[in-house]
Amino acid sequence: MNIAFLSRQNLFFSVQRRRNRGLNGLYIVVGLFLLAYAMLFPGLLGISGFSKFTQNWFPLALVTMAQALLMLNGGISLAIGPLVSLGAVIAATTMGGPLGPIGGLLAVAASGLLVGALIGVIVAQLRLPAIIVTLAGSFIIGGIALIILPRPGGFIPDWLSNLLAGNGPVAFGLLVLLLVCWKLFLATPLGLGIYAVGDNPVGAFRSGVPVDRVRVTAFALSGLLTALVGLFVAAQTGSGDPVIGTPFTLNSIAGAVLGGVGFLGGKGTMRGAICGSLLLSVMINVMFFLGFSPVTQYVAQGLIILAAVAIPELTSQWSRKP
Amino acid sequence: MMKTLPLLEARQVFKGFFGNPVLKGVDIALEPGRVHALLGENGAGKSTLINLLSGALRPDSGEIRVDGVPVSRFHPAAARAAGIAVVQQELSLTAELSIAENIGLGAFPRRFGLIDYAALSARASEVCELVGLTESLCTPVGDLSLGRRQMVEIAKALFRKPRVLILDEPTSSLSAHEAGILSRLIERLRGAGIALLYISHRLNEVQALCSHVTVLKDGVVTADQPLAGIDAQGLVRLMVGRDAGDLFPAWELPRRGEELIRLRGFSSGLARDVDFSASAGEIVGIGGLVGQGQEDFLLGLYGAMGSSAREAVIAGRSGPLKSVEAANAAGLAYVPADRKREGLVLPHSIASNLLLPSLGRIAKLGLRDRGAERNLVARLVKRLRIKGETSRPVQALSGGNQQKVALAKWLPLAPSVLLLNDPTRGVDIETKREIYLMLKSFAREGTLIILLSSDTPELVHLCDRVTVFGEGRAVATLPRELISEEAIVGAAMGINPKGSAP
């Protein structure tokens with residue numbers, strides 16, 4: 001009786017705790033890698049080292065969030081990379097102009113929202129598979145980025161570069177802020193709708209969830225996050241590069257998959273995806289410090305991703321057998 | 001006499017799909033404080049009627065009335081606003097979300113735009129108590145058994161405080177204990193003045209819970225009366241009996257050959273502990289309500305699904321078949337129900353579909369023999385009277401002709417056992433007759449035909465024996481002289497058929 005009363009009081013928090021289910025293994029692996037990294041590179045524990053590390057991780061964390069948001073909703077995006085590039089070139093071309101840095105930031109955010117929403121409308125209204133629409137979109141967006149800025153250049157104010165990619169842990173602070181925003185979003189009917197539509201669209205529709213609106217929202221928010229990554233990357237490098245985002249497409253999927261986000265929708269958690277991206281980022285750093293050749297790094301990365309997907313699948317098969 | 005105003009009613013509704021009428025002028029009225037049963041065979045139009053009442057579909061003509069007022073442009077949101085809740089057979093839950101979140105989905109209490117978890121928790125635990133869900137509200141639904149999920153689904157409907165509650169086969173996945181809770185709950189809701197529509201294939205439940213019954217048969221209401229004074233046999237009689245006309249060829253005594261299939265304690269998928277035997281030249285029917293393990297039984301026989309048996313002899317081999325290749329080698333062929341997805345390669349030509357199973361067989365030195373292929377296709381097309389140029393893609397054919405292609409492609413292998421899964425579903429009358437004649441002639445040539453069908457008259461007129469499935473078990477095997485629609489439907493609904501030998 002007492003326990004029932006308690007759980008009633010704290011339904012929100014007990015639901016939150018339950019979402020850690022099945023992630024303990026991942027937490028341990030990430031912890032071990034972080035430990036190994038801290039031993040190889042003790043500078044990680046200082047402010048400056050921590051800031052540099054989180055700045056390297058930050059763009060990957062954000063694109064992974066953007067991808068996980070879509071995968072939870074039963075979609076996927078192959079246009080993450082080009083959209084990062086688009087964000088970067090828009091930032092680099094507007095910030096020096098009449099709009100100024102704030103105007104540039106708004107322009108990047110607006111273009112991300114708009115492109116995402118447009119893809120979402122096409123996917124939701126025309127009922128086309130997201131993978132095809134975003135594949136086509138990746139070519140179009142990549143092309144537009146090249147038209148806006150054919151070769152690396154543009155202008156990013158120094159103070160912005162120093163703020164985002166300097167010696168302070170601003171990026172980490174922004175990540176924490178984003179996670180709080182995600183928590184709030186997930187506590188709205190629309191946010192939970194992301195899960196419901198991803199897992200059982202017909203059931204969600206019958207329950208009164210506005211399925212199409214949820215889909216468009218997911219794509220729009222994902223686009224916003226992705227374009228903002230472009231701004232960050234531009235600040236990091238001090239200029240806009242029309243192809244800088246390319247590796248992010250597949251890395252965002254890799255991070256989400258490492259974090260236990262399922263391909264069929266409705267399965268996984270954002271905290272898992274964030275951990276997945278952290279694991280990917282630390283892994284690359286550790287291998288770099290251990291002196292792996294780039295080729296070996298790629299192969300090892302691939303094997304680890306494969307293992308991350310195969311292990312849960314195999315254990316569930318084994319546990320099903322009597 | 002005082003008449004209570006119905007909360008929800010359908011008046012003379014007609015609904016058809018692709019020119020095929022499903023409901024032909026149906027009336028139903030749901031009154032407050034009454035449990036109304038809706039009965040009918042597979043395909044009688046029950047689901048369509050539910051969809052009309054809940055706004056998921058709109059009638060072609062006729063009207064839906066809420067509180068006596070006709071509603072135009074009825075849609076699911078309007079139905080919800082009018083207090084109509086439906087518990088569908090397929091669940092509408094999200095596995096990753098908690099019980100409470102699932103219950104509130106689409107109707108969350110909010111505060112400042114956020115879900116008010118405190119209010120949700122209080123109201124969800126109220127409805128959970130009603131349906132006897134004792135699990136913690138934060139348990140993800142994916143952790144629950146099917147029966148418990150069904151209870152969550154019912155709690156979800158109650159959460160919206162409905163005035164009309166439609167329950168479509170709510171007990172099909174419930175344990176006896178849960179079903180007991182549900183029936184007490186229904187009593188309570190009835191007492192609270194809610195109008196209930198109860199769809200079930202379990203006649204004893206219907207008789208225990210309901211006070212009024214509407215029976216549908218082929219889209220027409222055959223009874224709309226108080227349940228008192230009508231027994232189970234009478235209900236079954238109202239549900240069956242169709243004018244078959246001269247659709248079916250005359251039944252003839254089979255020339256029984258050697259025993260091809262003998263199973264003892266055969267299990268695969270939903271089908272459990274089935275005893276079954278059949279001989280060459282017979283047409284053996286597999287009947288029962290949809291989804292009682294019949295399909296799994298066929299797939300298990302065919303080696304497409306894992307199976308086990310105490311004793312099994314299939315086409316002269318002992319032990320259950322382990323793979324489709326083994327089944328084909330033993331002379332078994334399977335024609336799936338979903339011909340578009342499983343039976344045919346739609347964009348390919350009629351000819352290449354017909355050749356697919358025999359490609360390897362008529363090749364010479366590993367290369368295709370075009371001449372032999374052409375002959376074979378010509379022979380099959382002639383024998384099955386498949387209309388249309390054989391180079392056209394199969395998807396250009398009508399449903400009936402597609403089915404004939406799906407059937408014909410196996411003939412060159414001269415199967416000794418033909419497993420058919422609902423071969424006439426969605427097929428026009430003329431082609432149906434052709435298919436029936438074909439089956440008869442195959443049987444005459446000594447093929448064993450196992451015919452799974454959801455169309456009861458088909459089983460009655462074609463089969464030499466019918467095995468009826470219920471909840472995964474072969475509940476009755478009716479010999480020719482006992483086969484009737486009443487007997488098949490009765491056996492499927494758990495009424496002991498007279499003189500049935502298992």
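Two strands are taken as paired if DSSP finds at least two bridges between them. In the predicted model, strand β3 (residues 35-40) and strand β10 (residues 195-199), both of chain B, pair in the parallel sense over 4 bridges. Within this pairing, L38(B) has I199(B) in β10(B) as its bridge partner.

Both strands belong to an open sheet of 6 strands in chain B, ordered β6-β9-β10-β3-β11-β12, with mixed pairing. The edges of the sheet are formed by β6 (84-87) and β12 (220-226) of chain B, each of which pairs on one side only. From one strand to the next, the twist averages 15°. Helix α1 (residues 46-53) of chain B packs on this sheet and touches β3, β6, β9 (164-168), β10 and β11 (212-217) of chain B. The direction of helix α1 of chain B makes about 155° with that of β9(B).

The contact between the chains involves 31 residues from chain B and 23 residues from chain A. On the side of chain A that touches chain B, two or more residues each come from α1 (2-9), α2 (11-18), α10 (189-199) and α11 (201-206) of chain A. By residue class, this side of chain A comprises 10 nonpolar, 8 polar and 5 charged residues.

Elsewhere in chain B, L482(B) lies in the loop between β22 (473-479) and α17 (485-492). L482(B) counts as partly exposed because it has 18 C-beta neighbours inside 10 Å, whereas a buried residue would need 20 or more. L482(B) and D168(B) are separated by 314 residues in sequence and by 31 Å in space, C-alpha to C-alpha.

Technical notes: Residues are numbered from 1 along each chain as its sequence is written. Chains are lettered from A and ligands numbered from 1 in the order in which they are written. This is a predicted model: local features need pLDDT of at least 70, side-chain atom pairs count only at pLDDT 80 or more; totals for chains, interfaces and linings use all residues. Axes are lines fitted to C-alpha atoms, for helices over the stretch in contact, and angles run from 0 to 180 degrees between N-to-C directions. Two residues are in contact if their C-beta atoms, placed from the backbone, lie within 7 Å. Ala, Val, Leu, Ile, Met, Phe, Trp, Tyr, Cys and Pro count as nonpolar, Asp, Glu, Lys and Arg as charged, and the others, Gly among them, as polar. A residue is buried if 20 or more other C-beta atoms lie within 10 Å of its own, exposed if 12 or fewer, and partly exposed in between; C-beta atoms are placed from the backbone.
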